[in-house]
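Morning, everyone. Let me put the model on the screen, and then I'll walk you through it.

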Amino acid sequence: MFSIEELTAFIVEAKSKTYIGDGGALPANRPGSRDVGHQRGAWRYLDSYFGGTDFAGQEAVWHDGKPRWAMNYFGRITRPDLIDARRAGAVIKAALQTMYHEKRHFLGGMEYQHAYGCNIDSSRGGTKHFSGREVIFVDGEEAYELDYRGGLIFP
């Protein structure tokens with residue numbers, strides 16, 4: 001078995017080494033998907049998503065070969081006149097890097113100011129069960145949104 005603290009630490013590690021670290025590229029599991037993953041010992045992580053400017057995906061964690069945790073998400077640029085995919089990605093990566101490396105968690109509760117916009121990530125719950133929303137404001141206007149939810153998986 002594992003503790004919530006072990007699971008949370010692995011999720012932060014995996015997210016840091018894949019999307020944020022530009023690593024872990026895998027062959028597509030489904031036609032048209034982009035997949036990144038990370039594995040350490042009994043732990044395995046997979047993030048599989050579709051799209052670019054507007055996108056949807058799911059992250060999952062297995063322990064000893066059994067699915068134990070998952071999160072789904074949908075994000076989109078709502079104001080392409082204020083931000084493009086490259087700039088939104090830069091804001092998100094910088095904000096998440098700060099969250100993972102400095103705060104050692106992966107759920108909201110933070111505001112990050114970047115040259116391209118202000119990223120605000122808010123959530124409720126914890127690793128066991130949560131939901132949240134991430135937005136980027138540019139010049140006081142919401143230009144990007146992402147909704148996410150997830151938690152433990154029980155057989």
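I'll start with Arg79. Arg79 is partly exposed, at a relative accessible area of 27%. For the record, buried means under 20% relative accessible area, exposed means over 50%, and partly exposed is in between, with a 1.4 Å probe and protein chains only.

Some ground rules. This is a predicted model, where local features need pLDDT of at least 70 and side-chain atom pairs count only at pLDDT 80 or more, while totals for chains, interfaces and linings use all residues. Residues are numbered from 1 along each chain as its sequence is written, and side-chain values use heavy atoms, with hydrogens and water left out.

Back to Arg79. Which residue does Arg79 meet in a salt bridge? The partner is Glu141, at 3.5 Å, N to O. By salt bridge I mean a side-chain nitrogen of Lys or Arg within 4 Å of a carboxyl oxygen of Asp or Glu. Arg79 sits in the loop between strand S5 (66-77) and helix H2 (85-103), and Glu141 in strand S9 (residues 141-152), so the pair ties together parts 62 residues apart in sequence. Helices (H or I, at least four residues) and strands (E, at least two) are DSSP runs, numbered from the N terminus. Glu141 is partly exposed, at 40% relative accessibility.

At 23% relative accessibility, Thr78 counts as partly exposed. Thr78 and Glu142 are 64 residues apart in sequence, yet 7.4 Å apart in space, C-alpha to C-alpha. Leaving out residues up to four places away in sequence, Thr78 touches Glu142, Ala143, Tyr144 and Glu145. Contact here means heavy atoms within 4.5 Å.

Now the other salt bridges. How many does the structure hold? Nine. One of them joins Glu13 and Arg40, with the closest N and O atoms 2.9 Å apart. Glu13 lies in helix H1 (residues 4-17) and Arg40 in strand S2 (residues 34-40), so this pair ties together parts 27 residues apart in sequence. Arg40 is partly exposed, at 39% relative accessibility.

Another pairs Asp147 with Arg133, at 2.9 Å, N to O. Asp147 is in strand S9 and Arg133 in strand S8 (residues 129-138), 14 residues apart. Asp147 is partly exposed at 36% relative accessibility, and Arg133 is partly exposed at 28%. Both belong to a salt-bridge network that links Arg76, Arg133, Glu142, Glu145 and Asp147.

On to the core. A nonpolar core is a set of buried Ala, Val, Leu, Ile, Met, Phe, Trp, Tyr and Cys residues joined through side-chain atoms within 4.5 Å. The largest one has 33 residues, and Val61, Trp69, Phe106 and Ile136 touch the most other members. H1, S3, S4, S5, H2, S8 and S9 each supply at least two residues of this core. H2 gives the most, with six residues. Take Phe106. Not counting residues up to four places away in sequence, Phe106 touches Thr8, Ile11, Val12, Lys15, Trp69, Met99, Tyr100, Thr127 and Phe130.

Next, the pocket. A pocket is an open set of points on a 1 Å grid over the protein atoms alone, where a 1.4 Å probe fits, with protein on both sides within 12 Å along at least five of seven lines; lining residues have an atom within 4 Å of a point. The lining of the largest pocket holds 31 residues, and Tyr19, Phe55, Tyr73, Ile92 and Tyr144 lie nearest its centre. Two or more lining residues come from each of S2, strand S3 (43-51), strand S4 (54-63), S5, H2 and S9. Which element gives the largest share of the lining? H2, with six residues.

Last, two backbone points. Asp22 has a positive phi, near 55 degrees, in a residue other than glycine. Asp22 is in the loop between H1 and strand S1 (25-26), and is exposed at 61% relative accessibility. Asp139 has a positive phi of about 50 degrees, and is not a glycine either. Asp139 sits in the loop between S8 and S9, exposed with a relative accessible area of 74%.
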